[in-house]
Amino acid sequence: MSLSGKLPRAGLGSLVLIAAVLGGGVVAFAYTAGWLSPGRLTPERMIEAFAPPSGAALGHRRNHAKGICFTGTFEANGNGAELSRAKVFEQGRYQALGRFNLGTTDPNAVDATVRVRGLGLQITAADGEEWRTAMINPPFFAVSTPQAFHDLLIASGKKDPEAMKAFIAANPEFSAFAAWAKTAPWTGSYAEEPYHSLNSFIFTDAKGRDRTVRWSLLPSAQPVPVSQADLEKRGPDYLEQEITERIRAAGPLRWTMVTTVAEPGDPTADPSKAWPENRRKVQVGTLIVQRIEPERDGPCRDVNFDPTVLPQGIRVSDDPFPAARSSVYRRSYDLRAAEAKDYPRTGTAKP
Amino acid sequence: MTNAPRRFALIQRLLHWLMAVCILAMLFIGAGMVSTVAPKYLPLILVHKTLGFTLLILVLIRLALRLYYGAPPLPADLPGAMKLGARLSHQLLYGLMIVMPLLGLGMLWAAAYPVVLYGGFQIPALLPQSDGVHTLLWNAHVYLGFAFFALVLLHVAAGLFHALVRRDGVFETISLLRPRNRMTAAE
Ligand code: HEM
Ligand code: HEM
Ligand code: HEM
């Protein structure tokens, strides 16, 4: 029974069928991987949009690249348990690790040139379950959708002034953010800033009831406004020096964590829209920052503050940002870990 | 060889097809999820991790069954090169079925990223964070993923070749359906 004896009977048809199955498989795979859809918003394209003309800073975060690590404690007062069954809301003290940072792609940026300040935070429950969040100081986000954020990065990277005009025309929500950026007072310390989740999430209580919330960290330090020019005079890395010195001199720093509960009809899917002031607010605990360490060898370097790392009792809402951020932060982490030799650790720590 | 089975045991055949569907799904989910920032990214990666981990357990069961039941012999008239190709490709497929989930898990462990599966089931990290290890495992997961897909395509082509062109009974050894026309060596 030789091969050649069989072929005529089986016919060319079978071979064509086999070829079609293989070809179809390859095409379907290529389509799924986005290779046939150059318009798809992929994490790669988002990362490319961040890169300055000189190229990304290798080994560093692709955004919020300048930062400094902290460690401390999250002290839950127990009030949060009424909103969410997450263990970190049960009264008690939980390990906290985080990073003060600036919303820039340049790890050597001059502090006074960066408008947005951020805080990455990881709270670990007693059994090791983690909650990660990355928050910023403006009271609402610049744009309504991840696609609009991409378009903003592209437009603001162009020299042509018409590009930004066209962007704002297409994304009018940006003007509120532009106004905030222009008028909100600057402070001279990470300790004097509030940090907001901006994205909404769903808290589930012990009875299974869902509530959509956002959370904020409100500083106990009194904000002292400074002009941008004065801040610039204090030096390019003033904020990192200041926070280190402040803790050395005055001890731990505190923020109150406040969750705001949405009411039906509130824009839960759009972080560029603040919710009305009179929404129910619950103070769930206090973040106590005890120790500052430089990023290079610090404990926050290797953490991806992916806002979708959530404990049982918190999950994502209809806000499209956390998913987009998770996908892009993963990519950013993959890249910066692979480039670690371009941002070498100084030694004693791990390889 | 005389008492070698004529077909794979039913449980082996069931596992083959169940895992075939799931592995194809894994490859497509993997490629799809890393190329999107849409909300579906989160359910996709959750399924990817959960199903991938489940497949790791299934392949171990499958290998145990394989050792216990063995496999039907290939047709005596199959050219030696094809027999070798079949044996090697099957070993590679088994290897990839074991290695891919391990790489996926290891990659997340080495990134200090909690591995939480469907239902909140958390797998403790067995590796410490390491840039070097993460990069190695990540690259391996990506490139072996593509190699896996290529090998599966080759395997499907070979399977269809047996079924449609050679009609030598090899496909019937793994098929879930009763063979329609029993093949005999004399046919
Ligand atoms: C689609 C929209 C967004 C994209 C593409 C994006 C992108 C990124 C990237 C690539 C990083 C670096 C991640 C890493 O390597 O670990 C990052 C960090 C960060 N992002 Fe976003 N981001 C987005 C939206 C937001 C929003 C809405 C907020 C605040 C509410 C935010 C706050 C932060 C903060 C605070 C960090 C620094 C975290 C850290 O210290 O590691 N981002 N972002
Ligand atoms: C992801 C998909 C698949 C994987 C990972 C896979 C894996 C395997 C493995 C490891 C074997 C060897 C069994 C053993 O000797 O213990 C096998 C046998 C076989 N597979 Fe698949 N398979 C897949 C899909 C398919 C498909 C779609 C077909 C359909 C054409 C197919 C047809 C066959 C046939 C005909 C055999 C029997 C070979 C023999 O008797 O030696 N497989 N498969
Ligand atoms: C049979 C098992 C598996 C197969 C066939 C598979 C396949 C794939 C493929 C094709 C990709 C896309 C690679 C790319 O184009 O970049 C991928 C990515 C990924 N897989 Fe898997 N995978 C498997 C198991 C797992 C498991 C068990 C986990 C974790 C628990 C996992 C975690 C991941 C992650 C996190 C990514 C994204 C990698 C990145 O770009 O950061 N995989 N996988």
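**Ground rules.** I am working with a predicted model, in which local features need pLDDT of at least 70 and side-chain atom pairs count only at pLDDT 80 or more, while totals for chains, interfaces and linings use all residues. Residues are numbered from 1 along each chain as its sequence is written, chains are lettered from A and ligands numbered from 1 in the order in which they are written, and side-chain values use heavy atoms, leaving out hydrogens and water.

**Chain B, overall.** I found five helices and two strands, in the order α-α-α-β-β-α-α from the N terminus. Helices (H or I, at least four residues) and strands (E, at least two) are DSSP runs, numbered from the N terminus. The C-alpha atoms fill a box of roughly 60 × 30 × 30 Å along the principal axes. Of the 187 residues, 46% count as buried. I also checked contacts (heavy atoms within 4.5 Å): among those between residues at least 6 apart in sequence, 72% join residues at least 24 apart.

**Iron of ligand 2.** I noted His16(B) and His155(B) as the protein donors, each through NE2, at 1.9 to 2.0 Å from the iron atom. The pair links distant parts of the chain, with His16(B) in helix H1 (residues 10-33) and His155(B) in helix H4 (residues 131-166), 139 residues apart. Donors are N, O and S atoms within 2.8 Å of the metal (3.2 Å for Na, K and Ca); water is not among the atoms, so sites may look incomplete. The arrangement is octahedral because the six donor atoms subtend angles of 88 to 179°; six donors count as octahedral if opposite donors are over 155 degrees apart and all others between 65 and 115. His16(B) is buried, with a relative accessible area of 12%.

**Iron of ligand 3.** Which residues are the protein donors here? I get His48(B) and His141(B), again by NE2, lying 2.0 Å from the iron atom. His48(B) sits in helix H2 (residues 41-69) and His141(B) in helix H4, 93 residues apart, so this pair too links distant parts of the chain.

Conventions:
Buried means under 20% relative accessible area, exposed over 50%, partly exposed in between (1.4 Å probe, protein chains only). Four donors count as tetrahedral if all angles lie between 85 and 135 degrees; four count as square planar and six as octahedral if opposite donors are over 155 degrees apart and all others between 65 and 115; anything else is irregular.
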